[in-house]
Amino acid sequence: MKARVVWLILCCIWGSTWLFIKLGLADLPPITFAGIRFLIAFLILTAMVLARGASWPRTPAAWLLISVVGVLQFTLNYGLVFWGEQYISSGLAAVLQSMFPAFGLVIAHFYLPQERLTGTKVTGVLLGMFGVAVIFSDQLSIAGRMALLGSVALVLSALFGSFGNVLVKAYGRDIDPQAMAAGQMVFGFVPLLAIGIATEGNPLRLHWTTMAVVALLYLVIVGSVIAFALYYWLVRHMEVTKTMLIALVTPAVAVMLGMLVLHEKFNWRLLAGGACIISGLALIVLRSARTSIGEEEVDLVPQP
């Protein structure tokens, strides 16, 4: 029973982070917003690593991996998520980023011998790509150039984020997870803040409304620190199949919250394309859950 409650909480948290990104973007510029989120998360994670007495990586190869993945996961992935969601709905952003597992499986084929592509996986990837194509079709004339670019940014964010995940699975299994995450954030938030300050101005002079602060704190404390702690607990207490199903539920939660809170509207292309993406994701998740082995599998849960 406890595991099911944690599962539901995680679905709600990762489905709601898209809403809070959108709420924060009403007052804060995207790149600086993302950079500050991970600066604070880095400080919290570092304190947790020190409190646990966990060891930091000691080899140049480990730090090279951490730096590369940090840029992929945080600078590029989250930078594009925050930038792109300025121009599209939170629900659409969540749906497009759910291509994360599809990209991950294609990339894993070249890096992880135990994660070869199969006919079922290829079908799932193709379904997802078809769904993206449906959403993109006529997007320029319906929603405008910036909405199209925002949609492209979300798909690219999924590509970069999944690449980073595969690299961690391939080369970073011996590194403490919290130390790995904290190190990645350093190499991720520094470029974000450098770009943000250069293009968006002094962070202290931004429009720091109450909602902006609430959104930032929610993303840091609930969306990052608490969610990751719950997820690490869940994978030890629930079957792999059920934990993977979080990836199917979070886009639906994000769409519903966007409609209820922000009154976001969706056309038939989003509904049809989203159905294709989620169907493809379902094929990938259920097939991977039956055939992969615990810690060896690629992370299939997008985490905004």
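A nonpolar core here is a set of buried Ala, Val, Leu, Ile, Met, Phe, Trp, Tyr and Cys residues joined through side-chain atoms within 4.5 Å. Everything below comes from a predicted model.

**View 1. The largest nonpolar core takes in 56 residues.** Look for F33, F82, L96 and M185, the residues with the most contacts inside this core.

**View 2. Helix α4 (residues 90–97) is mostly covered.** Eight of its eight residues are buried: S90, G91, L92, A93, A94, V95, L96 and Q97. Zoom in on L96 and you'll find it touching I88, V132, I135, F136, S151, L154 and V155, leaving aside residues up to four places away in sequence.

**View 3. A nonpolar patch sits on the surface.** Its members are W208, V213, L217, I221 and I226, and together they have about 380 Å² of accessible area. I221 belongs to helix α10 (residues 210–237). With a relative accessible area of 40%, I221 counts as partly exposed, because that label covers values between the 20% and 50% cut-offs.

**View 4. Confidence is highest in helix α3 and lowest in helix α7.** Helix α3 (residues 60–84) has a mean pLDDT of 95, while helix α7 (residues 139–143) comes in at 59. The protein as a whole averages 86, and 90% of the residues score at least 70.

Notes
Residues are numbered from 1 along each chain as its sequence is written. This is a predicted model: local features need pLDDT of at least 70, side-chain atom pairs count only at pLDDT 80 or more; totals for chains, interfaces and linings use all residues. Side-chain values use heavy atoms; hydrogens and water are left out. Buried means under 20% relative accessible area, exposed over 50%, partly exposed in between (1.4 Å probe, protein chains only). Helices (H or I, at least four residues) and strands (E, at least two) are DSSP runs, numbered from the N terminus. Contact means heavy atoms within 4.5 Å. pLDDT is the predictor's confidence in each residue, from 0 to 100. Patches are made of residues with over 30% relative accessible area and no salt bridge: like charges are joined within 9 Å, nonpolar side chains (Val, Leu, Ile, Met, Phe, Trp, Tyr) within 5 Å. Accessible areas come from the Shrake-Rupley method with a 1.4 Å probe; for residues, only the protein chains shown count as cover. A salt bridge is a side-chain nitrogen of Lys or Arg within 4 Å of a carboxyl oxygen of Asp or Glu.
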